[in-house]
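Please examine the structure shown here together with its sequence.

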Amino acid sequence: MINRRQLAFFALALFVVSGCGGDGRNKRYKVSGKVTYKGQPLAKGTIQFYPEKASADNPGASGVITDGYYTLSATGAEGDGAYPGAYLVAIEARETDMTDAMKKASGGSARQDDIAKAYAKSKLLTPKKYSITDTSGLKANVETRSNTFDFELTD
């Protein structure tokens with residue numbers, strides 16, 4: 001039988017473990033949006049959010065763009081979001097669908113160097129400047145709530 005002291009200790013431990021009263025920094029928040037190029041939804045591509053201040057606690061987040069829309073993931077679980085903070089953003093679309101190549105690699109039917117070769121040969125469908133955070137000019141600030149960031153790419 002649990003006495004009151006044990007019950008109080010259990011409740012306090014549960015409160016601390018659940019993070020109640022925290023600033024939300026250890027939680028990911030939903031990030032989604034739309035990417036257009038020349039006024040049209042980007043048919044396919046990838047989007048990367050790199051933290052402005054890199055740390056082991058925040059690896060950044062990425063997503064797949066399909067028919068212009070994306071959701072971010074920090075862990076690979078679709079749509080689990082990103083940690084709060086300031087990010088530099090890179091976006092690219094390639095003629096070869098790299099998401100299919102990555103799925104084959106994780107399933108064991110493609111080698112990493114095969115993926116690298118396919119990537120190098122594939123034609124870039126978006127301006128190169130958006131592929132690199134130093135030149136993309138794209139930024140986002142993820143807040144402790146659901147976030148929507150739309151990006152319009154131009155030549």
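Predicted model: local features only at pLDDT ≥ 70, side-chain atom pairs only at ≥ 80, totals over all residues.

Residues are numbered from 1 along each chain as its sequence is written, and side-chain values use heavy atoms, with hydrogens and water left out.

**Aromatic rings**

- The structure contains three aromatic pairs; rings of Phe, Tyr and Trp (its six-membered ring) pair if their centres lie within 6.5 Å, and planes under 30 degrees apart count as stacked, over 60 as edge-to-face and the rest as tilted.
- Phe49 and Tyr87 form a tilted pair, with ring centres 5.6 Å apart and planes at 55 degrees.
- This pair links distant parts of the chain, since Phe49 belongs to strand β3 and Tyr87 to strand β6 (residues 85-92), 38 residues apart; strands (E, at least two residues) and helices (H or I, at least four) are DSSP runs, numbered from the N terminus.
- Phe49 and Tyr87 are both buried, where buried means under 20% relative accessible area, exposed over 50% and partly exposed in between (1.4 Å probe, protein chains only).
- Phe49 also pairs with Phe149 in a tilted arrangement, at 6.1 Å centre to centre and 50 degrees between the planes.
- Because Phe49 lies in strand β3 and Phe149 in the loop between β8 (147-148) and β9 (151-153), the pair ties together parts that are 100 residues apart in sequence.
- Phe149 is buried, as is Phe49.
- Ring pairs join Phe49, Tyr87, Phe149 and Phe151 into a cluster.

**Asn58**

- Asn58 is located in the loop between β3 (44-51) and β4 (61-66), and is buried at a relative accessible area of 10%.
- The side chains of Asn58 and Tyr87 are joined by a polar contact of 2.9 Å (a pair of N or O atoms within 3.5 Å; within protein, one must be able to donate a hydrogen and the other to accept it, and residues adjacent in sequence count only if both atoms are side-chain atoms).
- Leaving aside residues up to four places away in sequence, Asn58 touches Pro51, Tyr83, Pro84 and Tyr87, contact meaning heavy atoms within 4.5 Å.

**Residues with positive phi**

- Lys38, a residue other than glycine, has a positive phi near 55 degrees.
- Lys38 sits in the loop between β1 (31-37) and β2 (40-41) and is exposed, with a relative accessible area of 55%.
- Asp67, in the loop between β4 and β5 (69-71), likewise has a positive phi near 55 degrees and counts as exposed at 54% relative accessibility.
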